[in-house]
Amino acid sequence: MPMPKITIRSLQALLAVYEEQSFSRAAERENATQSGMSTQVKKLETLLGTELLSRGKGEMELTPSGEIVYERGRHILQALFDLEQKVASLDRGVSGTIRLGVIPTLTRAVLPRAMGRFRAAYPDVEVSVIEEYSFSLTRRVAMGELDWAAVPAGDLLSGLKATYLASDTEVLAVPPEVLPDLAHLAPVGPADLNGLNLILPSSINVRRRGLEQYFSSHDVSPGEVMDMDAMLGTLELIAGGGWSAILPAAICHTDLPGVRRKLHPLVDPPIRTDYVIVQKAEKALGRAAELMFEELRAAALEVREEWDRTVKGA
């Protein structure tokens with residue numbers, strides 16, 4: 001069988017430069033030099049006898065040949081990584097280090113369950129977790145700083161792919177004295193939000209746009225509005241009185257007893273959210289990262305089922 005002349009390094013360089021839209025960012029991502037990235041791409045173009053990247057005004061685009069090399073190259077790199085992972089898993093148990101990112105919504109009730117079970121089953125795996133919002137986490141994945149990140153479904157950066165994790169619904173969380181005619185876990189509609197002093201995520205948070213669209217579509221006029229991107233801080237302000245917030249049910253799960261805060265599911269219509277795991281498209285998850293993903297998905301499903309049972313029985 002003849003040996004191919006295309007090298008893995010040159011494919012990695014092309015993918016990185018196109019996805020990052022910058023030779024300098026590609027070099028940082030691949031732990032290489034900017035000149036090295038440029039050389040690898042130029043060597044690949046020379047070898048194939050055609051231009052692969054078209055350098056336009058502030059943007060790099062793939063030529064027709066470049067699109068073929070990019071797509072085939074991505075699958076080749078992922079297949080090689082899959083091969084390494086499968087062989088390695090035959091020779092040893094699950095071990096190593098995994099680097100994960102999780103949005104605050106999932107760190108209060110979902111992540112502790114998943115982490116506890118994972119650590120008990122795989123004590124030789126070192127787990128590093130970063131809690132941030134989706135904007136930062138997706139960029140960390142693209143830069144290779146994280147194996148995967150759990151974020152709300154939405155637009156993806158080039159070079160990333162998403163896998164469904166779980167679904168959630170938004171809930172109105174209020175101090176016990178607010179909406180006194182409604183019992184804890186009684187449903188509310190858009191009209192019930194009028195006049196409430198609401199804590200909202202800031203404009204860079206993906207949830208803010210969805211809430212503003214909901215308010216606009218259903219003629220909701222809040223009272224005072226405070227921007228805040230700290231969910232645990234938001235919960236404490238609600239318990240202190242004077243403020244309410246619309247929050248994902250997952251982070252409100254430990255408030256199901258209704259002691260410090262009342263919870264009211266939003267209905268007619270509800271606001272639903274899907275969570276996904278984002279990872280590099282050309283790189284398969286290692287066995288440990290895959291197993292932690294499965295534990296997180298199982299924990300998210302448990303939390304959602306417990307929420308649904310409790311609300312239905314209220």
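# Exercises on a predicted model

Ile 8 is found in helix H1 (residues 8–20), where helices (H or I, at least four residues) and strands (E, at least two) are DSSP runs numbered from the N terminus. The model is a predicted one, in which local features need pLDDT of at least 70, side-chain atom pairs count only at pLDDT 80 or more, and totals for chains, interfaces and linings use all residues. Residues are numbered from 1 along each chain as its sequence is written, and side-chain values use heavy atoms, with hydrogens and water left out.

## Exercise 1

Determine whether Ile 8 is buried, partly exposed or exposed, and find which residues beyond its neighbours within four places in sequence it contacts.

Solution. The relative accessible area of Ile 8 is 45%, so this residue is partly exposed; buried means under 20%, exposed over 50%, and partly exposed in between (1.4 Å probe, protein chains only). Leaving aside the neighbours within four places in sequence, Ile 8 is in contact with Leu 77 and Leu 80, contact being heavy atoms within 4.5 Å. Between Ile 8 and Gln 78, which are 70 residues apart in sequence, the C-alpha to C-alpha distance is 11 Å.

## Exercise 2

Describe how helix H5 and helix H9 pack, giving the angle and the distance between their axes, and then classify the residues of their contact.

Solution. Helix H5 (residues 110–121) and helix H9 (residues 287–313) pack at an angle of about 135°, with their axes 8 Å apart; the axes are lines fitted to C-alpha atoms over the stretch in contact, and angles run from 0 to 180 degrees between N-to-C directions. That makes H5 oblique to H9, since angles under 35 degrees count as roughly parallel, over 145 as roughly antiparallel, 65 to 115 as roughly perpendicular and the rest as oblique. Residues that meet across this pair include Val 110, Leu 111 and Phe 118 in H5, and Ala 288, Leu 291 and Met 292 in H9. The residues of the contact of H5 with H9 divide into 13 nonpolar, no polar and 5 charged, with Ala, Val, Leu, Ile, Met, Phe, Trp, Tyr, Cys and Pro counted as nonpolar, Asp, Glu, Lys and Arg as charged, and the others, Gly among them, as polar.

Next, consider Ala 288, which has its place in helix H9 and counts as buried at 7% relative accessibility. Not counting residues up to four places away in sequence, Ala 288 touches Val 94, Ser 95, Ile 98, Phe 118 and Val 125. The C-alpha atoms of Ala 288 and Val 94 are separated by 6.1 Å, although these residues are 194 residues apart along the chain.

## Exercise 3

Solution. Most residues other than glycine have a negative phi, and most peptide bonds are trans.
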